Amino acid sequence: MSLAGPRLDRPSAIGDEGRARAASLWLASLIVVAIVGVVGFEIGEPSLLPTLGPIVGLAVAGVGLLERDGFVSLVVAHALLMTFGTAFALIVLAAPFVARAGIAASGCALALAGIGAAWADIGGDGLGTAAAGSVISYASMLCSLVVLGFLTAVVYFGWAVLTSITGFSTPVASVTGFLLIVAGTAGVVRLSMRWLPIRQVTPRDRRPAIERRLTAARRRLLYTAVGSIGVLIGFGALGLAGVDTTVTSVPVLAWLLSSLSSPLLVWPLVAVGAASLLAGAVAVLLRRLTRDDAAQTTRRTAVAVVGVGLSLPLLFGLALIIAGTGVAIGPILLGLGLVVALGLGPIAFLLVVGGGAVGVGLGLLPARATGPAVAATGLVVAAIGVGRANPLVVFACIAGAILVWDSATFGLGLTAELGHLPDTRRLELFHGTVAVAVAIGAVVIVTGLEVLRAGFFAGGGTAGGAVVVALGALLLLFPVRG
Amino acid sequence: MIDRRVRWRGAIAATIALTVAGVADGNPVLLLGAIIPLVFVASGSFSRVRVPADLVATRSVTPTPAPPGQPVTVTLEVTNDSDRTITDLRIADGVPASIAVLEGSPRAGTTLEPGDSHTVEYVVVARHGEYDFEPPQCRVRGLGVSATATTTLSVSGDRALVCRLAADAPPIEEDGSTRVGKLTTDDPGTGLSFHSIREYHRDDPADRIDWRHYAKRGTLATVTYDRHVSATVVLVVDARPANRVVAGRGRPTAVEYGTYAATRALSDLLDHGHDVGVAVIGTDGPGPAGCRWLEPASGPAQRTRALDLLRRVADDAAADRDSRTPRAAVGGRTKRQVRKVLELTPTTAQLALFSPVLDDPPVAAVETWRGAGLPVVLLSPDIVPSNTVSGQYEQTRRRTRLARCQATGVRTVDWRRGTPLPVVIERAFAVDARLSSRRSTGASAGISSTGGEGRRDTSWNGSPVDRAGSNPVDGSQRWGGGE
């Protein structure tokens, strides 16, 4: 593993088995990158390519890493899906509703994702896995949010109880609070002794002695807890009988009883209980995590880790919204951003990726050439998005879409027929040259027709254009028919 | 065969999508853009292709014949003898299904101008037998890629890969020595290399008297030379069904490796003038206890008989890889055959067992033989792949068994893949033959005194156990070194 995370240049991440040959993919990639760059300038967003590139690339890397079985790889995969994947999905789904240029941006994001998927050899199965992974991560995040919220409430309540105990001034209240703390601490320590692997980490020759001591300690802690509760009950009974006033009438005794709720006495006891509880919980957690290392367990643990990790910023966002209401707009906006990104983003990602998986399942997208198909679709969407801009850019987008499809599927066919070992670069470059020549010819033809339309049929508006298109299409379909 | 493939459904879909978008948006540019995909469809339709008639293919297989497990380079050269450029040529050589490609690919894709050639080179692993290559498949596409023409090419040159056990063994008639016993012993005697000087005995020949010594000291002394004797070696091949396993698809079985090593050892030992016998355990043969047995002897005739026997073993192993003989029956048969080999082997002989040691019977066999005092060499071809966890586990178990064999005083040689067999054979027999010759020298008196033929029952005065005890230290020191 590299220092910065799992390596991506391994066949499992950058798929090698069914991937198109490299020269064809490079040609398709260059076309996509060039067109996305040009579209960015055309819609007035020159930073479109450098903005989309890392987001889409890391989202695709997350999908690719889902094929791995390693814990770190899976954690990184789910983290990438829940962050960059959701950002990519929000761009694809939300951008078209913002402005017309958003359609182009959405198409460009799809094109980049498609070509990335082609490199990573992500097909229908990979999309299905990613969709399922996003669902599990999202559910894990929501569950973690609930658990964290509950724990926060418990801690808050406990803190309030403890601060009220340390604030008691009457002897009766002090004794009651102290006995409650003693009983609670004894119970918690006894519980954590059951959880902690004290016996297991003791040398074998000293285990009998340790077991004897542990048994004695458990017995004493039980007596302490039960005794504290018993004393508490007895003290309550005395109080009901009115004896407590007699006891507290003695100044020294009253002072002693009042000092039982002193912070100097309470906080060390609470600290011992809290430390024991924490240590025991950590021991139990580690034991459960390391009980078996099956692939499914590793996958589930990675999802849980990511869900817990992402629930923290979500909780923080909710806290900002609650705390900032009526105070300041800045924290509220920040909180809203976090909540929308983490609360709605995974749903958007599920829609995008799940839609792709369903498309593959229905046969709308080819299973083996999903990446090239998505890339070509993205460029067609981008062409529609920049439809009112420079016609040459529109034509370039469309020609690029067909070129990407042609080049990538040609490379896939080579892989299917010849495998990955033979050197086929010359063949691929020859085919690429021919395809680019055909694309340039097509763009020249339609540009000429556009000039014709804009000149001779300018008054005809859309109808004139339709006539020209119909003529051109008939001209082309004639040889196709034969 | 000419075929046309559908490649442009996506282009048609793009045309429809752009047309719908153009109409919905009232955008004539999109409508015009819808023509672009149709241009590609049209170019694909214009594309034509024909079956290439002037493609010439030549194949060479080097080396052939080859011994089992040896990498063999196959070169297929395809030349375009026509006057037209072939823009998309894809070739797949017809590698026999039973042969594994070790390196490179038997497939290629390229463009070929008139007069140009393209060479496909790959390496396969030889397996025992003869394997015919199928004609290479050739597919040609037109410029539009949609149309394809598929055909098979006729090939000149080599058409088969021949693998023989004795492929790289030198013929004994050409390189062998006619003198019996080229082995140098530690004992003095007649020969060429100086060994020592000793006191003169009355029956010493006059030409061995050291006259220089007599001139200096005034006493007679006799010069002795390194004595040359021959050894007797019985090659035992472990051909049990459990050993008919391979390291990977298309690779030789462990039995094939074992018979190949035995063949090479046979040639080397016969070439040096030793007596060599062959025993095969683990199969049902015509010999005693179902054991295929060839009496130790020397000379070209013995070599021919032994090679024939080993070839039949390899043939049987290759033909009967999926044998389902009950394990208990195999185990009982193996024990009987191991004991029978012990009975048949001359007392002066040493045993060379060729086994992958994938289970315990070979260990029990060498323990039995060593218990009877016979020198044993274990040459174990390593066919266990170590790139998986289970493979590493099996490899550890195998090496543990080798160590157990070594602990009994057996000289074990682990023949790793990639190590040249001649080196392995040389290491396996360098020390052992010397020791065997010493035993031979020491035993000759016993043989002559009893008049027996060297069988255990008649040649020694003591029991086999006694003999085992007579030379334990020597055996363990010299034989237990391993690699």
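Modeller: The following account begins with the chain as a whole and then turns to the part requested. The model is predicted. Chain A contains 17 helices and zero strands, and 42% of its 482 residues count as buried. Where contacts in chain A join residues at least 6 apart in sequence, 77% of them link residues at least 24 apart.

The domain assignment divides chain A into domain 1, formed by residues 22-140 and 337-481, and domain 2, formed by residues 144-321. The centres of domain 1 and domain 2 of chain A, taken over C-alpha atoms, are separated by 57 Å. Between these two domains of chain A, 14 residues of domain 1 are in contact with 18 residues of domain 2. On the domain 1 side of chain A, at least two residues each are supplied by α3 (71-98), α5 (124-166) and α13 (329-362). The largest share of that side, six residues, comes from α3 of chain A. By class, the side of domain 1 of chain A that touches domain 2 holds nine nonpolar, four polar and one charged residues.

Chain A also has a side that touches another chain. There, 50 residues of chain A are in contact with 40 residues of chain B. The elements of chain A that give two or more residues to this side are α14 (370-385), α15 (391-418), α16 (425-455) and α17 (461-481). The residues on the side of chain A that touches chain B divide into 35 nonpolar, nine polar and six charged.

Technical notes: Residues are numbered from 1 along each chain as its sequence is written. Chains are lettered from A and ligands numbered from 1 in the order in which they are written. This is a predicted model: local features need pLDDT of at least 70, side-chain atom pairs count only at pLDDT 80 or more; totals for chains, interfaces and linings use all residues. Helices (H or I, at least four residues) and strands (E, at least two) are DSSP runs, numbered from the N terminus. A residue is buried if 20 or more other C-beta atoms lie within 10 Å of its own, exposed if 12 or fewer, and partly exposed in between; C-beta atoms are placed from the backbone. Two residues are in contact if their C-beta atoms, placed from the backbone, lie within 7 Å. Domain bounds come from an automatic or database domain assignment. Ala, Val, Leu, Ile, Met, Phe, Trp, Tyr, Cys and Pro count as nonpolar, Asp, Glu, Lys and Arg as charged, and the others, Gly among them, as polar.
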